[in-house]
Amino acid sequence: MALSPVGAEAPSRTTSVPFAIDARQSMSPEPAEAVFDLRDVSIYYGDALAVRGVTMTIPKNVITAIIGPSGCGKSTIVRTLNRMNDSVPGFRVSGLVGYHGQSLYAGGVDPVEVRRRIGMVFQRPNPFPKSIYDNIAWAPRILGLKHDLDERVEKALRDAALWDEVKDRLRSSALRLSGGQQQRLCIARAIAIEPEVLLLDEPASALDPVATMSIEDLMQDLKRTYTIVIVTHNMQQAARVAERTAFFSLDVSEGHRAGILVEYADTATLFTRPADPRTRDYVTGRFG
Ligand SMILES: Nc1ncnc2c1ncn2[C@@H]1O[C@H](COP(=O)(O)OP(=O)(O)OP(=O)(O)O)[C@@H](O)[C@H]1O
Ligand SMILES: [Mg+2]
């Protein structure tokens, strides 16, 4: 498997990328604590191998982006990080998906508890057909977190930068919000139970540029509290928001198409001095 080890020596040649790398993305010199530790993870749907041999660690309180062409397994990987694929018929994972040193797929691990700690937001905003308040209060109520529910709802909406826009209509339907507001509502719903990790699968791809920018700003605020993994098709977005970026691609070398991790590095290195020619072709737009 062609996997570039993290921290591999990059070639001296600098690649010109057609967009800017945000200065906020400089890495702190201290190695961050790992939240996820994936070792040789392969993921199958029935007999089809979707993702092969992924080894990577995802650090705490950092935004990690996952980029790559359609079908390379980006959603498959993030859904595997909170056992969201469990209900997919034929889903199987091999290797180790470690979360704080514990295997997420070990017998006895409760998937509901996993999803309590590791929240997820999807590509299309999917508010429940309920009031704004009841969307946010839904998971806390299920978990019995009914004490100070109003405060909890307010805090989640404030943290998702939505409070000022909705505080006077908490009892009106969430479906009446704009797309960008609905996506911030979904983020508020995910953080209302104070998870540790937020998985965002193309959270802004259905949004206009203004709403996208507000989601990106929100991510910068949230990373103080949360570890964030974002899947994005948009390389500019990865460059703007993420400290670390993983580039996945489709590999056909063993006769089957399977997603592989080609390169994983701090974002500036991945975009300007990629170690692997496949990464270079992708980030400079020469792919495909
Ligand atoms: N529920 C499923 N059942 C069977 N195969 C699936 C399922 N979900 C994904 N796959 C397959 O797994 C592979 C990876 O798909 P995945 O959705 O993870 O790709 P992706 O990188 O997220 O693509 P996109 O950028 O289009 O969202 C594809 O071949 C896809 O057909
Ligand atoms: Mg996807």
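Q: At what angle do helix 3 (residues 132-142) and helix 4 (residues 149-159) pack?
A: The model is a predicted one. In this model the axes of helix 3 and helix 4 are 10 Å apart. The angle at which the two helices pack is about 115 degrees.

Q: Are helix 3 and helix 4 roughly parallel or roughly perpendicular to each other?
A: Helix 3 and helix 4 pack at about 115 degrees. Angles of 65 to 115 degrees count as roughly perpendicular. Helix 3 and helix 4 are therefore roughly perpendicular.

Q: How many charged residues does the contact of helix 3 with helix 4 have?
A: On the side of helix 3, the residues that meet helix 4 are Tyr-133, Ile-136, Ala-137 and Pro-140. On the side of helix 4, they are Leu-149, Arg-152, Val-153, Ala-156 and Leu-157. By class, this contact has eight nonpolar residues and no polar ones, and the number of charged residues is one.

Q: Is Leu-157 buried or exposed?
A: Leu-157 lies in helix 4. A residue counts as buried if 20 or more other C-beta atoms lie within 10 Å of its own. Leu-157 has 27 such atoms within 10 Å, so Leu-157 is buried.

Q: How far apart in space are Leu-157 and Ile-187, C-alpha to C-alpha?
A: Leaving aside neighbours within four places in sequence, Leu-157 is in contact with Ile-136, Leu-162, Trp-163, Val-166 and Ala-188. Leu-157 and Ile-187 are 30 residues apart in sequence. In space, C-alpha to C-alpha, the two are 8.7 Å apart.

Q: Are helix 3 and helix 6 roughly parallel or roughly perpendicular to each other?
A: The axes of helix 3 and helix 6 are 7 Å apart, and the helices pack at an angle of about 30 degrees. Angles under 35 degrees count as roughly parallel. Helix 3 and helix 6 are therefore roughly parallel.

Q: How many nonpolar residues are in the contact of helix 3 with helix 6?
A: Ile-132, Asn-135, Ile-136, Trp-138 and Ala-139 in helix 3 meet Leu-185, Ala-188 and Arg-189 in helix 6. One residue of this contact is polar and one is charged. The number of nonpolar residues is six.

Q: Is the crossing in which helix 6 passes helix 7 (residues 209-222) left-handed or right-handed?
A: Helix 6 and helix 7 pack at about 20 degrees, with axes 9 Å apart. That makes helix 6 roughly parallel to helix 7. The crossing of helix 6 with helix 7 is right-handed.

Q: Which residues in helix 7 does helix 6 meet?
A: Helix 6 brings Gly-179, Gly-180, Gln-183, Arg-184 and Ile-187 to this contact. By class, the contact has four nonpolar, four polar and one charged residues.

Q: Which helix gives the most residues to the shell around ligand 1?
A: The residues around ligand 1 include Ser-70, Gly-71, Cys-72, Gly-73, Lys-74, Ser-75 and Thr-76. By class, the shell has four nonpolar, seven polar and one charged residues. With three residues, the helix that gives the most is helix 1 (residues 74-80).

Q: Is Arg-83 buried or exposed?
A: Arg-83 is found in the loop between helix 1 and strand 4 (91-99). Its phi is near 60 degrees, a positive value in a residue other than glycine. Because 21 other C-beta atoms lie within 10 Å, Arg-83 is buried.

Q: How does Glu-194 count, and with how many C-beta neighbours inside 10 Å?
A: Glu-194 is in the loop between helix 6 (179-191) and strand 7 (197-201). The phi of Glu-194 is near 50 degrees, which is positive in a residue other than glycine. Glu-194 counts as partly exposed, and the number of its C-beta neighbours inside 10 Å is 17.

Q: With which residues is Phe-91 in contact, leaving aside its neighbours within four places in sequence?
A: Phe-91 lies in strand 4. Phe-91 is partly exposed, with 18 other C-beta atoms within 10 Å. Its contacts beyond those neighbours are Tyr-45, Asn-85 and Asp-86.

Q: What percentage of the residues of the protein count as buried?
A: The protein has 10 helices and 10 strands. Of its 288 residues, the share that count as buried is 42%.

Notes: Residues are numbered from 1 along each chain as its sequence is written. Chains are lettered from A and ligands numbered from 1 in the order in which they are written. This is a predicted model: local features need pLDDT of at least 70, side-chain atom pairs count only at pLDDT 80 or more; totals for chains, interfaces and linings use all residues. Axes are lines fitted to C-alpha atoms, for helices over the stretch in contact, and angles run from 0 to 180 degrees between N-to-C directions. Helices (H or I, at least four residues) and strands (E, at least two) are DSSP runs, numbered from the N terminus. Angles under 35 degrees count as roughly parallel, over 145 as roughly antiparallel, 65 to 115 as roughly perpendicular and the rest as oblique. Two residues are in contact if their C-beta atoms, placed from the backbone, lie within 7 Å. Ala, Val, Leu, Ile, Met, Phe, Trp, Tyr, Cys and Pro count as nonpolar, Asp, Glu, Lys and Arg as charged, and the others, Gly among them, as polar. A residue is near a molecule or strand if its C-beta atom, placed from the backbone, lies within 6 Å of it. A residue is buried if 20 or more other C-beta atoms lie within 10 Å of its own, exposed if 12 or fewer, and partly exposed in between; C-beta atoms are placed from the backbone. A crossing is left-handed if the near helix is turned anticlockwise from the far one by less than a right angle, and right-handed if clockwise.
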